[in-house]
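Student: I have a model open and want to go through some of its local features. Can we take them one by one?

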Amino acid sequence: MVIQKEKKSCGQVVEEWKEFVWNPRTHQFMGRTGTSWAFILLFYLVFYGFLTAMFTLTMWAMLQTVSDHTPKYQDRLATPGLMIRPKTENLDVIVNISDTDSWDQHVQKLNKFLEPYNDSIQAQKNDVCRPGRYYEQPDNGVLNYPKRACQFNRTQLGNCSGIGDPTHYGYSTGQPCVFIKMNRVINFYAGANQSMNVSCVGKVLLFLTSSLLNLPAPPQRDEDAENLGHFVMFPANGNIDLMYFPYYGKKFHVNYTQPLVAVKFLNVTPNVEVNVECRINAANIATEDERDKFAGRVAFKLRINKT
Amino acid sequence: MMNKNLRKGGKKKDLEELKKEADMDDHKLTLDELSAKYSVDLTKGHSLKDAQEILFANGPNALSPPPTTPEWVKFCKQMFGGFSLLLWTGAFLCFLAYGIHVHYSEKTNKDNLYLGIVLAAVVLITGCFSYYQEAKSSKIMESFKNMVPQQALVIRGGEKMQINVKDVVLGDLVEVKGGDQVPADIRVIAAQGCKVDNSSLTGESEPQSRCPDCTHENLLETRNILFFSTNCVEGTARGIVIATGDSTVMGRIASLTSGLALGQTPIAAEIEHFIHLITAVAIFLGITFFSLSLILGYGWLDAVIFLIGIIVANVPEGLLATVTVCLTLTAKRMARKNCLVKNLEAVETLGSTSTICSDKTGTLTQNRMTVAHLWFDKTVYEADTSEEQTTGKTFPKSSDTWFHLARIAGLCNRADFRPHQESVPIAKRATSGDASESALLKFIEQSYSPVNEMRQKNPKVAEIPFNSTNKYQMSIHLLEDNSQAHVLLMKGAPERIMDFCTSFMLNGQEYPMDEEMKIDFQNAYLELGGLGERVLGFCFLNLPSNFSKGFQFNTDEINFPMKNLCFAGLISMIDPPRTAVPEAVGKCRSAGIKVIMVTGDHPITAKAIAKSVGIISEANETAEDMATRLNVPISQINTKSVKAIVVHGSELKDMNSEQLDHILKSYKEIVFARTSPQQKLIIVEGCQRLGAIVAVTGDGVNDSPALKKADIGIAMGITGSDVSKQAADMILLDDNFASIVTGVEEGRLIFDNLKKSIAYTLTSNIPEITPFLLFIVLSIPLPLGTITILCIDLGTDMVPAISLAYETPESDIMKRLPRNPKTDNLVNHRLIGMAYGQIGMIQALAGFFTYFVILAENGFKPWDLLGIRLYWDDASINDLEDSFGQQWTYEQRKVVEYTCQTAFFISIVIVQWSDLIICKTRRNSLFKQGMKNKVLLFGIFEETFLAAVLSYTPGMDVALRMYPLRINWWFCALPYSVLIFIYDEIRKLIIRRRPGGWLEKETYY
């Protein structure tokens, strides 16, 4: 009550602001004179300069402890994730057979994606490895010795290789190919020395309110084999060979070629959205993580629109 | 606009009128005039019909209830006032952002929704808390209501009838008897031994007799008026109602009190200023980054959401609660020191007080007449007046004169101790009888012998009690040594006693009265009277043997000699100052607080007490004193050299506000004497006009307007009336002025400590905002999420921030001037600069360092993070490549992100350790201040423990998206924590070394 606040008129307020921004009497800009600004700016310049130096120093020191070869911790990547190509928004592969534009972009992406798998390139850069066993390349005393990669030839993908394929990976005929790949994890021995393969099923997702509440979806799913129809896999049976493991990292395993599994859906019920879930069957990869829907598995929607 | 002003002006005029003295002259009228004025028959009263008509015209005799604020308005004030408004705006913006999100994108992030809910919850909880506190202590009008009497005895048409008090009308003939409450303001026309207790109105505690004669110009002081809602103690009175309802004196005070507009407390003003600053910073940052994000190519929608996010992130969620708790803690601490604070914000107001208007009686003084001086054997002796009888002052008790004096004082005395008080110290025993006699009784009991024994040995055979015409009291006692003879003892006004005496006693010998003795007597009388003391003279006469035992003394027709008495001496009494008061006044002076005494007492007494407690210091004297000393007329005194003044109430009455301002401004030491309650209000307003923050003490109903008008009203816990207690912001449980000073000390301390607390809380705002800013500008994964921000603001920062309220002062806070509310703000740009620009920046770096460490160690090196945001936050990309060529699913990298956020959070906790330690002091080194604050130590452990619990408790990943950290990630922030401490110690060192230097001007908050 002591500080009686007088109501200021609008003009006064503007006037006060003007004076605050530039006070011609005291030569103050925003409440400070030139010298005052110079001092305070200098102070903060020195202060922040010092802080930057200190930050840089600590960052540098930290980066010295991080090796180029392997990350310090990999505990978050215990289960490699699965992913599909073509990569679409929200992972739904929708094909309007009559509408070329609807699948052309998928085809373009796939062409680009599969280019490094061309047999010629593979033969030129990579080794032919012995299937059924890990391709281990110990350093043998030479630090970070560059590693060789095994060949994965595009032709291994059979009808999905897209080589001389007038159907454009089957997209023009409503028999699309979807490629499945497993995420790279350094020094991960997938399969624990036993053979592994990818398998796919159709699922009916029961949309319950739980999905709105952000709860893990309940396991109430029914097989939807009927709508999914038949499919074939390349390499046969969806096998992934052990020879593509382990991965030694981008820097030393330069030409590493990720193994793929192609799934060609032959007679999906048209005009129905089918939920496909593919998972890897391997001894050391868990696929039942409730929260990570892509740990050791991948789910995507498939819809063939036929008029 | 014009209209509004006019209306305001009108209301103000009403108030001004109320503030003026009650301007009635009914007490001066003769009975005939009175009868004519109210056209009423003084024996039969109104006719029933007239009474009905008047009642119809004037309305019922009741106080009109003040325009009460409905409960919901009060509640809303708590909910939407000041700080809460800021939080509400934040909450609203959050909901808005969430709404935009929901409307325009499918995948919704609920963070904004949660933040909005939490913000709303914080305001609701703190609002309810404050509302509850407030509701407990705002019942001022209710006690007025309780004071309204229920039934009244009126005489209408010659018949006595009991009617409801609210039906009493102007001019009614009313009868009041002992035990009744007075039904209206009444002019007495007949009274038999009527005494009324006016204490609730005037503060005078002794019952006063009433009679039909006008004894004083002033309505409040004349004896022929009975006041509405005071109590009639004994006797009966008959009178004419001269005012009813709101026009009564009590009604005026009631409407004056409720009509006073309450302003902002200083702390509320400070908080408002703080909100302005925070809002300015928030909006500045928001707009800057809004434009920046548009330049960087974000969509409008994203930019708006960023803008809202940045503004909200600037809201210190926990501060409202912190401030409330800090104030509550101090209020509790004050209560322990006998200051009961009713209104939380008043805690700090007391600290910024620059003027204290104090009552005299009971606050500065003991409210207990005590013998202060004696004069016998032609010498003035000082008696011990301290509360605990510790000064050990003494006088020659061996003198025979003392024996005579003590005998008169003990025997010619009607006061008596109340029974069963043997264990109570004599000075504190309750007595029956008038104040002076009680003082004598206690004094004799203490320094002579038990009075009861004296009285038993010397039984009283006759007495003439004191009355105002005689001005003496006489009693005749049988002598104990020779049980046949009587002695006549007399005490009274010294000049009256002197008239009876023809001899005097000197060292036990009787001498005939001479001129020299008379002059000595006059000097002594003047000296003691000049000290503001009440002086009594004592004399005696040994009655001749013909009036020996068995003689029937007749006091009505005096049949014994009552002249040629022998003068024994003078005893003077005063209500002495409390022991602790002079020291407290001294403290106030060194603390730059002006102490003004406002009393209804006589100027001489007031001045004497003011001098003895130091309100008028030894070095200063009033113009009158100076004139007497220099022996020049008062007009020749240069008023500029005079720093002390005693203002009489009647002078004050004729002053306009400029004159009053002039007095308040130009005199350092001011005593207002003989003031009326309304004048107290005028004085308070005068002080406030000069920009002072005023504390006022008071106990009577009459004081309540001043109490309410003051920035902080202080009521007396023991003697105070309920109304005054309710109008006050604070109650002094021990009525002691010294307690106010301890309160001031606490108030100043909490202001300093709140500064520290706010500095501490604000600092962590920067490491909370910068992650979001860099998230926008550099497109890196979000380093700190909303939930973690809330965990800091409402979790880990709370206890440490509160613990700063327990910090001890850095220096003697009572040695500096009161803060200037205009320039010395709670939060200023220096504090913001320190918290945001310096310490906050170091903290942010600590957090980012930890963040980059964790990402790098998991595979994402710093430079690979730039621009990664769009892919990182895309849930459909489940093969995002890191710096090593590994691929991550959405969920996997989110776990790393949340781990980073947890680590960022823990880094903030770690840098807040050192922030807390540096906030302990603003100038001193920590090594001087020490780590004695146990609550603060507990706070550090508590926040660390809480952080660990949040990180390591299983299930936290689901509940709060917090993940367990590796131990080494705890240490990333440590170097920065140390840096903060070292930087600030150096800063403070320079500030101490170069007082007034650049660094102090720019960084000392």
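Predicted model: local features only at pLDDT ≥ 70, side-chain atom pairs only at ≥ 80, totals over all residues.

Tutor: Residues are numbered from 1 along each chain as its sequence is written, chains are lettered from A and ligands numbered from 1 in the order in which they are written, and side-chain values use heavy atoms, with hydrogens and water left out.

Student: Start with β17 of chain B. How many of its six residues are buried?

Tutor: Five of the six residues in strand β17(B), residues 501-506, are buried, so the rest of the structure largely encloses the strand. Buried means under 20% relative accessible area, exposed over 50%, and partly exposed in between, with a 1.4 Å probe and protein chains only. Strands are DSSP runs of E with at least two residues, helices are runs of H or I with at least four, and both are numbered from the N terminus.

Student: Switching to helix α18(B). Which residues are buried?

Tutor: B:Met517, B:Phe521, B:Ala524 and B:Leu528 are the buried residues of α18(B). They lie on the same side of α18(B), because they cover an arc of only 70° around the axis; the arc is that of the directions from the helix axis to the C-beta atoms. B:Glu515 and B:Leu526 are exposed on the other side of α18(B).

Student: Now chain A. In what order do the three strands of the open sheet come?

Tutor: The order is β1-β2-β3 in chain A, with antiparallel pairing. β1 (22-23) and β3 (32-33) of chain A are at the edges with a single partner strand each, so one side of each has no neighbour in the sheet. Two bridges join β1(A) to β2(A), residues 28-29, and A:Asn23 has A:Gln28 as its bridge partner in β2(A).

Student: Last one. Is A:Trp17 buried or exposed?

Tutor: A:Trp17, found in helix α1 of chain A, counts as exposed because its relative accessibility is 55%.

Key: Pairing = 2+ DSSP bridges.
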